[in-house]
Amino acid sequence: MDILEGLPLHSLCDNLPSYYKNVWSPPGREYVFTEVVVSHCGWTRVVDHKNATIVWTTGHSDMPADVKASLRLGRGQIWSQLEDGWVFADKVRLHKLLRYVNHLEYQPPTFILTDPSECVSFFQLAAQEPTTVWVSKEPSNSQGMGITVNPDVNQLKQLWLVDPEAQPQDYKCKIADRDDVLIQRYLLDPLLLEGKKMEIRSYWVVASTNPYVILYHDGTVRLTTREYKLDDWSDPLIHITNTRQQKDADPNYYLTEAERKWTIEKLATYLKQEGKLKETEEEWLNRLREMLKERIAVAAMGAHEYLTSKQQVPGWDGRFELFGMDVILDQNLYPWLTELQDGPGLSLDPGVKQYVIPKIIKELVNVILEIDATLRAGRPLNHPLQSLGGWHYIDLQKYSHLVANKIGNLEK
C-alpha cells in the first residue's frame with residue numbers, strides 16, 4: 001500500500017495519517033525537532049520506540065544500545081543518524097576530507113599538528129610570517145569551545161617541536177600519541193555588519209546514502225555582541241561568533257539576542273544599502289547559495305564511498321542526518337568554510353530562528369517521508385522532489401568535475 005496516495009507531499013508533516021505521526025526521542029531530554037513536530041504538526045512523542053515513524057537523536061551517544069538494536073530502519077522507521085556522519089563534523093576529519101578532494105582553498109590555511117608534515121609546514125610558515133594571527137581549535141569540541149585566538153606560537157613550538165631553537169629548515173615535530181590540534185589562519189578582514197563580525201549558518205542534509213540525496217536550506221546570519229577590533233583576542237564577544245559563547249560571556253545577551261540573528265535576505269539588503277553589491281540582492285543571493293552548495297557538494301561527494309561502506313543495509317536504510325555549515329565572509333564576500341556540524345543548533349531563540357527553525361524542521365520531515373515512502377514502494381526518486389519547500393536539491397553530477405583529482409586516501 002502506498003501511504004502517500006492522495007496526500008499533499010508539500011505538507012506530509014501535517015497531513016500524514018495520525019497512526020503514523022509518532023516520534024521517539026530518548027526520555028528525559030528535550031529536543032527542538034521533537035517539540036516542533038509535536039506542536040506544529042500534531043505528532044505524538046511516544047514512549048515505545050517501536051511505535052515511532054521517526055526516531056530523533058542528536059548523536060549516537062544519546063541512543064540507548066538496546067533501542068538501536070531493535071530499530072526497524074528502512075521498514076517503516078527512520079533514524080536521524082548516519083552510521084558515521086562524524087566524517088564531516090570533526091574538524092580534523094573535515095580538513096582531511098578537503099585535502100582528499102583537493103579543495104583546501106575553501107578553508108583559510110589550516111594545519112593538523114599531529115600530522116608530521118603539516119606540523120612542520122605550520123611552524124615554517126609561522127616563522128616566515130611572524131605577525132600572522134592564528135587560531136587553534138580542538139577538533140572534537142563544538143559550540144565554540146576549545147578555540148584560542150592568537151595563541152602564543154613560541155609556546156606551541158615548545159609543545160610540538162623536537163628542538164624549538166632549530167632553524168625552520170630543520171624543524172621536526174614530536175611524534176607522540178596526543179590529542180589533535182588544528183591551527184588555522186585567523187581572518188583579519190571579515191565582513192562587518194554594523195561594525196560586528198558575522199557568520200552564516202546554513203543547513204544541509206544527507207537525506208539518503210543510497211541513492212545519494214543531498215539538500216541545502218538557507219539558515220541565519222549571526223553577529224557578535226561587540227564591535228570588531230584587532231585586539232582583545234581572548235574576548236569571545238568580539239572574535240567568536242558561536243551563539244553559545246556569546247550567551248556564556250554576556251550576562252545581558254537575552255536582552256538583545258533578537259538583534260544578533262538575521263536572515264540572509266536581510267544580509268543582502270544591508271550589503272546593497274552599504275554599496276557592497278553591484279548586482280541585485282536576489283542575484284547576489286543566488287550566487288552566494290551556489291558557492292555554499294558547491295562546498296557541501298564537494299564534501300559530500302568526497303565522503304560518499306566511505307559512507308556507503310559503513311551502511312549495514314544496502315539501498316535505502318532508513319537513515320538521514322541533518323548538518324550545519326558555518327562560513328565567514330571576508331570583505332570581498334568570499335565564503336570561508338570554518339566548520340561543518342552534526343547535530344547543529346535548532347534553538348527557538350527570539351527573533352528569526354522562531355520562524356526559520358520550525359520551517360526547516362517541517363520541510364525536512366516532508367522530504368524524508370517522501371523519500372522513505374517512495375523507495376519502500378520500489379519507485380525511483382524523481383528530482384526535484386515534490387516536498388522540498390525551502391530545501392534545495394543539490395545535483396551532485398553538476399559538481400562531479402570538482403572531485404576528479406582526489407589525493408591519497410581519505411582515511412590517512
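In the predicted model, four bridges join strand S6 (residues 134–137) to strand S8 (residues 182–185), and the two strands run antiparallel. Within this pairing, Trp-134 stands opposite Arg-185 of S8. Strand S6 is also joined to strand S7 (residues 147–149), again in the antiparallel sense, through three bridges. Here the bridge partner of Ser-136 is Thr-148 in S7. Both faces of S6 are covered: Trp-134 and Ser-136 are buried on one side, and Val-135 and Lys-137 are buried on the other.

A further antiparallel pairing involves strand S13 (residues 321–329) and strand S14, which are connected over seven bridges. Gly-324 faces Gln-341 of S14 in this arrangement. The two strands form a hairpin with five residues between them, and in this hairpin Leu-333 adopts a positive phi near 65°. Strand S14 spans residues 335–342, and seven of its eight residues are buried, so the strand is largely enclosed by the rest of the structure.

A search of the whole structure identified two disulfides. A disulfide is a covalent bond between the sulfur atoms of two cysteines. When the bonded cysteines of the protein chain are numbered in sequence order, the pairing reads 1-2, 3-4.

One of the disulfides is formed by Cys-13 and Cys-41, whose sulfur atoms lie 2.1 Å apart. This link is right-handed, with 110° about the S-S bond. The pair connects distant parts of the chain, since Cys-13 belongs to helix H1 (residues 12–15) and Cys-41 to helix H2 (residues 32–41), 28 residues apart. Cys-13 has a relative accessibility of 1% and therefore counts as buried. Cys-41, at 4% relative accessibility, likewise counts as buried, the cut-off for this class being under 20%.

The other disulfide joins Cys-119 and Cys-173, with the sulfur atoms 2.0 Å apart. The link between Cys-119 and Cys-173 is left-handed, with -85° about the S-S bond. Cys-119 is located in helix H6 (residues 116–128), whereas Cys-173 is located in the loop between helix H7 (153–160) and S8, so the pair ties together parts that are 54 residues apart in sequence. At 0% relative accessibility, Cys-119 counts as buried. Cys-173 is buried as well, with a relative accessible area of 8%.

The largest nonpolar core comprises 54 residues, of which Phe-88, Leu-267 and Trp-284 touch the most other members. At least two residues of this core are supplied by each of helix H4 (86–89), helix H5 (91–100), strand S10 (196–208), strand S11 (213–223), helix H11 (264–273), helix H12 (281–310), S13 and S14. Helix H12 provides the largest share, 14 residues.

The surroundings of Leu-267 were examined in more detail. Leaving aside residues up to four places away in sequence, Leu-267 touches Leu-191, Leu-193, Met-198, Ile-200, Val-221, Trp-262, Trp-284 and Leu-329. Among these contacts, Trp-284 is itself one of the residues that touch the most other members of the core. A second, separate core contains 38 residues, including Leu-12, Cys-41, Trp-43 and Trp-391.

Note on methods:
Residues numbered from 1 in each chain as written. Predicted model: local features only at pLDDT ≥ 70, side-chain atom pairs only at ≥ 80, totals over all residues. Heavy atoms only, no water. Buried < 20%, exposed > 50% of the residue type's maximum accessible area, 1.4 Å probe, protein only. Pairing = 2+ DSSP bridges. Disulfide = S-S within 2.5 Å. Core = buried A, V, L, I, M, F, W, Y, C linked by side-chain atoms within 4.5 Å. Contact = heavy atoms within 4.5 Å.
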